[in-house]
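Reader: Please show me the structure. I have some questions about it.

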Amino acid sequence: MSRCLYTSFFTKDYWKPAAALIQSLREYSLDNEVAAMPDTGRWIWNCALKPKFIGDMMARHPDRPLVWTDADSVLRRHPQIFEDGELTVGAGIDAAVCEYKWLKGCKETFSGTMWFAPTPGARRLVEIWVALQARDTEVMDQHVLAKAVELARAEGVKVAVLPVSYCYIFDFHRSERPDVAPVFEHFQHSRIRKEQEVSK
């Protein structure tokens with residue numbers, strides 16, 4: 001059985017967080033491919049590259065399950081659900097994303113950490129996501145992902161739900177879910193980038 005390949009990309013202002021991610025993956029001896037990408041000039045446009053990048057990685061590694069995690073995340077614990085849990089290849093699941101219900105009641109789909117099996121279903125999900133994202137690069141990638149998951153599930157693609165510990169936002173979730181120990185902790189460097197763009 002092929003091991004998971006952990007992947008991400010980063011632009012010029014993310015190289016320090018990306019280096020920390022790579023180091024954390026190496027500490028757990030996990031195969032990884034984290035690539036530098038040209039900056040499009042806007043944070044939201046950079047994010048819109050995510051589905052195509054994942055699709056390209058799936059094409060380059062057609063027999064391997066892929067884990068995407070944002071470049072400003074860090075692995076804190078062994079990612080058991082990917083390595084020796086129910087999301088192993090052959091479990092009948094095509095992909096997994098975090099769909100989190102906040103205490104205030106709303107539900108949000110996160111694209112920070114995701115798992116894709118080497119299956120036609122996973123490729124179909126990403127294909128839908130790429131097509132939807134290309135129509136509107138001004139919409140956040142995770143909002144487009146939510147719609148892509150909905151459409152893919154309607155076609156029979158099996159998309160599981162990741163525990164919040166795999167897409168744990170360092171301050172929001174620590175405040176709301178202090179009982180949860182993060183696996184991937186996300187630091188949302190994007191907040192700095194968005195503030196810089198607004199101030200220009």
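This is a predicted model: local features need pLDDT of at least 70, side-chain atom pairs count only at pLDDT 80 or more; totals for chains, interfaces and linings use all residues.

Reader: What length does helix α6 reach from its first C-alpha to its last?

Author: Helix α6 covers residues 141-154, which makes 14 residues. At 1.5 Å a residue the expected span is 20 Å, and the helix comes close to that. From first C-alpha to last, α6 reaches 20 Å.

Reader: Which residues of α6 are buried, and what arc do they cover around the axis?

Author: The buried residues in α6 are Asp-141, Gln-142, Val-144, Leu-145, Ala-148, Val-149 and Ala-152. They lie on the same side of α6, because the arc they cover around the axis is only 145°.

Reader: Is Thr-109 buried or exposed?

Author: Thr-109 is found in strand β6, and β6 is among the elements that cover the buried residues of α6. Beyond its neighbours within four places in sequence, Thr-109 is in contact with residues including Gln-142 and Leu-145. Its relative accessibility is 11%, and the cut-off is under 20%, so Thr-109 counts as buried.

Reader: What is the volume of the largest cavity?

Author: A search of the whole structure finds one cavity of 30 Å³ or more. Its lining consists of Met-58, His-61, Pro-62, Arg-64, Phe-116, Ala-117, Pro-118 and Arg-123. By class, the lining has five nonpolar, one polar and two charged residues. The volume of the largest cavity is about 40 Å³.

Note on methods:
Residues are numbered from 1 along each chain as its sequence is written. Side-chain values use heavy atoms; hydrogens and water are left out. Helices (H or I, at least four residues) and strands (E, at least two) are DSSP runs, numbered from the N terminus. The expected span of a helix is 1.5 Å times one less than its number of residues. Buried means under 20% relative accessible area, exposed over 50%, partly exposed in between (1.4 Å probe, protein chains only). The arc is that of the directions from the helix axis to the C-beta atoms. Contact means heavy atoms within 4.5 Å. On a 1 Å grid over the protein atoms alone, a cavity is a set of points where a 1.4 Å probe fits but cannot get out, and a pocket is an open set with protein on both sides within 12 Å along at least five of seven lines; lining residues have an atom within 4 Å of a point. Grid points are joined across faces, edges and corners, and a volume is the space filled by probe spheres set on the points. Ala, Val, Leu, Ile, Met, Phe, Trp, Tyr, Cys and Pro count as nonpolar, Asp, Glu, Lys and Arg as charged, and the others, Gly among them, as polar.
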